[in-house]
Amino acid sequence: MQGLAIDVPSALAEEATLAALLRCCVRELAGPRGLVWAAPPYLLLRVGGTLLRARTYGGAALRFDGPPERLEDGAWQPLTTGELVGLAGSDLHGENAEFGGQVLASREAVAAILRARAGAVPPADPWLASEQSLVYGHRFHPSPKARGGDGWLRYAPEAHARFPVRLLGVREDVLAEGGDVSVLDAMGQAPDGYRVLPAHPWQLELLRPAFGAELIDLGPGPVVLPTSSVRTVYVPEAEACLKFSLDVRITNCVRKNAWYELAGAVELTSRLGPIFDEVAERHPATRWLPEPGHRSAALGTRLHEGLGVIVRQSPWSACDPGVTPVLAAALAVDASAKDPLAWWRAYVTVVALPVLDLYFTHGVVLEPHLQNVLAGLDADGLPVQAVFRDLEGAKLVAGRHDLGGLHPEVAAALTYDAERGWARVVYCLLVNHLTEIAATLAGQDDGLLRELWRAARDLLDRQAAELGRPLPLSDLLAGAPLPAKANLGVRWARAADRAAGYVPIANPLA
Ligand SMILES: Nc1ncnc2c1ncn2[C@@H]1O[C@H](COP(=O)(O)OP(=O)(O)OP(=O)(O)O)[C@@H](O)[C@H]1O
Ligand SMILES: [Mg+2]
């Protein structure tokens, strides 16, 4: 069909980018202003004074069926990302000259990922394949795949990159480390008086550390595979993960391990051990990924943080034999179940119930969003375990833990007040996570979607009774609006991720 050559990657990238920005607009701009109306089969909304419409399904997950349109001179016209950037900007306060560029850079990144995947071989390991499957990324972010600078494709999990880490040698008198770092020592040989410090090759390009007597370059080390967060990699040879600093903005954060986070990861690992043991007595499917050690070079804050690496256990070693860890975010894109209701009940049981127990019984706030949870699937694909990871987002509820003896900055970074912690749990677990899984399982079957939420409600209600009906959980079950993180607002304001506010959305448990 000559003359009709459609650039498929570009078209898919435009569709996904427009959809993600439109979701943000519904949630953060039109929704809170009362400018969203159900007009079946369409959802109507007003952004920047213009009437828009799209066919949607999936409840709060806002899946689109067909192209969104805008009303112009009494006729519906296809909406483009460029147009929606302009409309959204006129609803937002102040100026942000970079914003449009970030959205379009994300779109170009998706197209580049799609092209690269066409010629790449996915890992045979099903866990790693799930880590590398997030082509479109966060569905409620205006620039989910924007990655600063050039050369990122060489390190992109979605392009099935694999590359050797670089091994550095740190002279022992300037070594900064804590906890158990034996995994790092086993990764290579350092000369006498030095210790091995693996480094992400992309970070070395960005950081350009000066080599000399204190820091030496030992050449390439083991080959690694990047996981979904880009900066955390799996080292098959060591059967462990390494979480690197990466001075690149990915979604809302420049991905740097602050010095107090390096120490905090190890501190949390020792504190969470006994707590997870207790949780597993009531919720035996619960697993987590300890971060037993960190290492860096004490050569000023820039290098200490920029070269800081955290050791993390691998999901395979956390799961029982015969259980396959699969990233929740991958299931949110592609989950199929013979019996969706039974699958969902199993999923909610293993994923949601321990999170609530951790918060109410133990004063621990996890960050169980789609990228921080893996479901352990049995041979039939049924969720039988849940693996929680990423201690950077795990916090202790203020007043419930004795943090005396810790450096004040380490303690502060580990702590959340109860209210903020609860909002984080509800956002991550329900809005970011379960809403997406439910929408994917239900597809366009609204009746099934309602059934799934009724089942979730039953399970949470039973758990509430066991926990003594704590007030925040009762409010949630009574239908209190859910807090949805304002990713569009925070990017527009160029604010830090921790400054992100929440907007209320309808509660599917009601
Ligand atoms: N639904 C989602 N919610 C949150 N993050 C998502 C989602 N989908 C994809 N992501 C990506 O996952 C990462 C989440 O960031 P987060 O801070 O949890 O991870 P990290 O600390 O960088 O690494 P790790 O999870 O390996 O510890 C980001 O790279 C983000 O773009
Ligand atoms: Mg994470």
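**Burial, ligand shell and backbone**

Q: Is Gln-385 buried or exposed in this predicted model?
A: The relative accessible area of Gln-385 is 4%. The cut-off for burial is under 20%. Because 4% falls under that limit, Gln-385 counts as buried.

Q: Which side chain makes a polar contact with the side chain of Gln-385?
A: Gln-385 sits in strand β21, which covers residues 383–388. Leaving out residues up to four places away in sequence, Gln-385 touches residues including Ala-285, Arg-287, Cys-319, Asp-320 and Val-323. The polar contact has a distance of 2.9 Å, and the partner of the Gln-385 side chain is the side chain of Asp-320.

Q: How is the protein divided, and how many residues does domain 3 give to the contact with domain 2?
A: The division is into domain 1 (7–149), domain 2 (162–318) and domain 3 (320–478). Over C-alpha atoms, the centres of domain 2 and domain 3 are 26 Å apart. Domain 2 gives 31 residues to the contact between them, and domain 3 gives 37 residues.

Q: Which domains each supply at least three residues to the shell around ligand 1?
A: The shell holds 16 residues, and the closest are Arg-231, Thr-232, Lys-243, Arg-255 and Arg-312. At least three shell residues come from each of two domains, namely domain 2 (162–318) and domain 3 (320–478).

Q: How many charged residues are in the shell around ligand 1?
A: Sorted by class, the shell has two nonpolar and eight polar residues. The charged residues in the shell number six.

Q: What percentage of the area of ligand 1 does the protein bury?
A: An oxygen atom of ligand 1 lies 2.6 Å from a side-chain N or O atom of Arg-312. For Arg-255 the corresponding distance is 2.7 Å, and for Glu-392 it is 3.3 Å. Taken alone, ligand 1 exposes 620 Å², and the share buried by the protein is 91%.

Q: Which peptide bond is cis, with omega near 5°?
A: Most peptide bonds are trans. Pro-41 is in the loop between β1 (36–39) and β2 (42–47). The cis bond with omega near 5° runs from Pro-40 to Pro-41.

Q: What is the phi of Arg-208, and is this residue buried or exposed?
A: Most residues other than glycine have a negative phi. Arg-208, in the loop between α6 (201–207) and β10 (215–226), has a positive phi near 40°. Its relative accessibility is 65%, so Arg-208 counts as exposed.

Q: What is the phi of Arg-469?
A: Arg-469 lies in the loop between α14 (446–466) and α15 (471–477). With a relative accessible area of 40%, Arg-469 is partly exposed. Its phi is positive although the residue is not glycine, and the value is near 50°.

Q: What distance separates the C-alpha atoms of Val-26 and Arg-420?
A: Val-26 belongs to helix α1 (residues 8–30) and is buried, at 10% relative accessibility. Beyond its neighbours within four places in sequence, Val-26 is in contact with Gly-31, Pro-32, Val-36, Leu-43, Leu-45 and Leu-62. Arg-420 is 394 residues from Val-26 along the chain, and the C-alpha separation of the two is 24 Å.

Notes:
Residues are numbered from 1 along each chain as its sequence is written. Chains are lettered from A and ligands numbered from 1 in the order in which they are written. This is a predicted model: local features need pLDDT of at least 70, side-chain atom pairs count only at pLDDT 80 or more; totals for chains, interfaces and linings use all residues. Side-chain values use heavy atoms; hydrogens and water are left out. Helices (H or I, at least four residues) and strands (E, at least two) are DSSP runs, numbered from the N terminus. Buried means under 20% relative accessible area, exposed over 50%, partly exposed in between (1.4 Å probe, protein chains only). A polar contact is a pair of N or O atoms within 3.5 Å; within protein, one must be able to donate a hydrogen and the other to accept it, and residues adjacent in sequence count only if both atoms are side-chain atoms. Contact means heavy atoms within 4.5 Å. A residue is near a molecule or strand if one of its heavy atoms lies within 4 Å of it. Accessible areas come from the Shrake-Rupley method with a 1.4 Å probe; for residues, only the protein chains shown count as cover. Ala, Val, Leu, Ile, Met, Phe, Trp, Tyr, Cys and Pro count as nonpolar, Asp, Glu, Lys and Arg as charged, and the others, Gly among them, as polar. Domain bounds come from an automatic or database domain assignment.
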